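Thank you all for coming; I would like to take a few minutes to go through one structure, beginning with a pair of helices and then turning to some individual residues. Please have the sequence and the model open while I talk.

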Amino acid sequence: MTSVAGHLVELDFPDAFRRWNACNPASLFTAPIFKDVSQKLEDVARNIRQEARTATHLYIWTDCDREGEAIGGEVAEVCRKTNPRIVVRRAHFSSVLPQEIHHAMQNPRDLDMRLVNAVEARTELDLRIGAALTRFQTLRLQSQFEAVKEKIISYGPCQFPTLGFVVDQFLRVESFVPESFWFIYLQHDQDGGSATFTWKRGRVFDQEAGLALYAQCVRMRSVRIDSVRARQKEKWRPLPLTTVELQKCCAKFLRIAPDAAMSIAEGLYNQGFISYPRTETDQFDNGMDLRGTVAKLVQQPTLGQYAQRLVDGGFKWPRMGRNNDKAHPPIHPVAAAPNLQGDARRVYEFVTRRFLACCSENAKGQATEVEASIAGERFSTAGLMITERNYLDIYPYDRWSESTVPLYRQGETFEPTMLELRTGQTTAPRLLRFADLIEAMDKNGIGTDATHADHIKKIIDREYIFKGADDSLTPSTLGIGLKEGYDAIGLELSLCKPYLRREMERELRRICEGFKTRDDVVRESLALYRAVYMKTVSEVAHLENALSRCLQEQPRNDPGGVWTPMVEPEEICACPNADGGKWALRARANNAGWLIGCSCYPQCRRAIWLPDSVAGVSVSSDACPGCLRDPQGPAKMVDVRFKPGSVPPGVPSRYSGCVRGCDELLNELFEIRQSRGSNASGAATSDFSGNPSVSAGNDRMRLRAQSAQPAHIVDSIPPQQPHCNIQPAPSSNPAFAGHSSRSQQQPSANTGASLSNNPLCNCGTLSIQR
């Protein structure tokens with residue numbers, strides 16, 4: 001037997017995409033990714049491989065939810081690489097009680113690969129979307145505003161909608177303008193007590209209208225009782241406890257933050273005191289022995305006496321909610337825990353009180369409802385006498401207050417003790433608390449019951465919002481600026497609105513239900529987010545203007561200092577050296593020129609560094625006719641625009657050719673070497689963000705603008721060096737005809753003066769001779 005600590009493997013980009021300035025963030029939507037064992041857990045993986053070598057069966061005992069299923073899938077994958085014949089089985093349990101463990105061992109299942117695929121899809125989407133938008137907004141805003149120069153402005157598909165809820169409520173509070181209103185106040189006192197009647201209109205916002213209605217009542221003066229109705233009334237006991245309710249109630253009643261509450265609940269579960277605390281289910285299966293569970297709680301101090309009442313005949317089966325995740329029952333105690341201390345004791349006591357309240361009768365009372373009228377205006381009052389408290393005795397978090405009214409009879413009249421036209425003002429809504437925010441997230445499908453607390457904690461850690469002493473949540477100026485900026489971009493699917501993430505969560509559930517595949521959901525979701533990303537990039541000025549207002553700082557707007565995304569890599573052809581690699585045109589760091597390199601960098605370091613003579617370059621949709629029959633498929637033509645005066649005479653300023661090695665002009669200008677025995681092209685190898693590691697000199701092309709340089713006279717021509725990159729082969733290209741052949745002619749001893757304007761190759765060989 002052995003264990004793991006969370007997810008065993010992690011997704012990441014190759015090194016070529018991991019450095020923030022090495023690529024356009026947009027390329028992360030399609031960049032290759034790899035899955036490997038986390039470096040921090042390499043020892044754990046090694047131990048699992050060792051155990052798997054001699055094992056015949058692997059039993060997975062991870063938590064029985066999506067994440068637990070995915071972790072089990074990772075463990076199974078690691079074991080199968082070591083022992084392909086190992087049999088994998090899944091234990092399903094909801095608590096760590098002995099009987100539950102024995103039942104799970106005797107009834108194993110197969111891993112549910114639908115749940116595994118859903119988690120893998122979500123992980124990939126979060127990685128690609130979060131990395132692309134985090135890099136873009138961090139690099140862009142850091143280059144524009146001093147206030148965030150040292151901050152990582154992270155984006156998360158769940159974090160930003162969560163931030164949006166907090167900012168929206170804050171802006172409602174800030175923009176609130178009190179409004180005066182008027183209402184008629186009616187009170188009647190008699191020997192049986194006092195009654196305050198509520199005006200059926202509630203209130204009016206026109207003072208003259210209020211005065212007119214009040215004047216009619218004053219003239220009439222006599223109030224008539226229209227009806228008196230007495231009826232039995234019940235206050236419903238709570239539903240069984242879900243994860244969302246646990247977090248909301250702990251924040252509201254115990255003042256424990258959601259992430260802390262979940263950490264405490266997981267500790268209680270691991271100690272065997274409560275059931276699994278991550279569940280969406282609010283209904284108990286009929287086969288569960290809830291009476292036996294209540295009987296165990298008789299030994300619990302302060303709560304045992306009430307549990308005994310239920311055992312003695314007060315037990316009632318809990319209400320049935322609408323949700324059932326088919327994985328775990330509602331959260332409930334499974335054993336007494338008399339020795340707990342601190343917050344662990346408070347959380348356990350809340351869970352236990354909630355469970356006992358669920359197993360109790362509703363509270364019951366006698367309600368009296370009285371309706372009256374004066375001058376056509378209707379009023380009402382009500383009284384309540386609680387006859388049976390029932391669950392209220394164990395669940396103090398619900399309140400049901402008694403109130404009394406005098407004895408009235410239908411048809412009788414009386415003169416009011418007090419009849420007044422009173423005024424008041426509307427009050428501002430309050431800022432969101434943890435419970436309110438979790439409710440908004442759950443209602444809008446942001447995250448899951450298991451991740452709500454994590455998302456809230458992240459936006460607090462990023463200083464997008466702050467928690468007040470009264471647990472109120474207030475956005476920072478940065479948080480407000482981000483929210484207003486993205487809303488100003490005019491996106492129908494704003495990144496700070498819940499729609500995009502809600503749809504993603506819905507699609508992930510469809511994977512779990514077997515209606516969609518992992519690849520379909522990833523492809524469709526990435527297409528949607530990529531479109532939003534591209535619009536954000538094109539209209540980033542709205543985001544900067546919003547940040548400028550909120551941070552009270554003008555953006556730099558210095559063309560030389562403002563970060564702009566690199567040109568997105570454009571695929572040209574399959575890499576001749578790396579299996580699965582693609583040669584693509586990409587911008588160099590800080591957009592300082594271009595290079596053609598492999599997507600499998602650093603495993604493949606072959607690259608062509610385009611010289612400074614290139615003013616612009618793009619990949620055409622046309623295929624090269626010279627390599628149509630290549631086994632790896634044809635290369636796309638590359639359209640090159642040279643700087644004026646930077647290329648030899650006869651070479652056009654605009655040229656379209658192939659970089660795979662079948663175009664003599666580009667072979668020479670870009671120093672492409674033809675590999676022997678293949679059609680693959682060779683080039684100086686380099687790191688995409690640095691200088692070539694194999695260089696023919698300080699400049700990659702000595703053919704540029706040499707005619708404008710001072711004359712360089714030589715007495716003799718040194719022999720051609722072995723590393724010369726120019727290939728002396730005839731060219732069929734009209735623009736290059738005669739050039740390569742002339743470049744190979746040896747000058748006579750008397751031609752020294754005539755060489756004054758002739759450039760040399762980096763090996764010393766005369767390149768052009770006139």
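In this predicted model, the axes of helix α8, which covers residues 243-253, and helix α9, which covers residues 258-270, come within 9 Å and cross at roughly 120°. An angle of 65 to 115 degrees would count as roughly perpendicular and one over 145 as roughly antiparallel, and α8 and α9 are therefore oblique to each other. The crossing of these two helices, α8 and α9, is right-handed.

Which residues make the contact between α8 and α9? On the α8 side they are T243, L246, Q247 and C250, and these meet P258, A261, M262 and A265 of α9.

Let me move on to the cysteines. A search for disulfides over the whole structure returns zero. C359, for example, is in no disulfide, and the nearest cysteine sulfur, which belongs to C358, is 6.4 Å away, whereas a disulfide would need the two sulfur atoms within 2.5 Å. C359 has a relative accessible area of 0% and is therefore buried; C550, at 18%, is also buried, because the cut-off for that class is under 20%.

Finally, I would like to point out R172, which sits in helix α6, residues 159-174. With 46% relative accessibility, R172 counts as partly exposed. Its C-alpha atom and that of P429 are separated by 7.4 Å, although R172 and P429 are 257 residues apart along the chain.

Definitions and conventions. Residues are numbered from 1 along each chain as its sequence is written. This is a predicted model: local features need pLDDT of at least 70, side-chain atom pairs count only at pLDDT 80 or more; totals for chains, interfaces and linings use all residues. Side-chain values use heavy atoms; hydrogens and water are left out. Axes are lines fitted to C-alpha atoms, for helices over the stretch in contact, and angles run from 0 to 180 degrees between N-to-C directions. Helices (H or I, at least four residues) and strands (E, at least two) are DSSP runs, numbered from the N terminus. Angles under 35 degrees count as roughly parallel, over 145 as roughly antiparallel, 65 to 115 as roughly perpendicular and the rest as oblique. A crossing is left-handed if the near helix is turned anticlockwise from the far one by less than a right angle, and right-handed if clockwise. Contact means heavy atoms within 4.5 Å. Buried means under 20% relative accessible area, exposed over 50%, partly exposed in between (1.4 Å probe, protein chains only).
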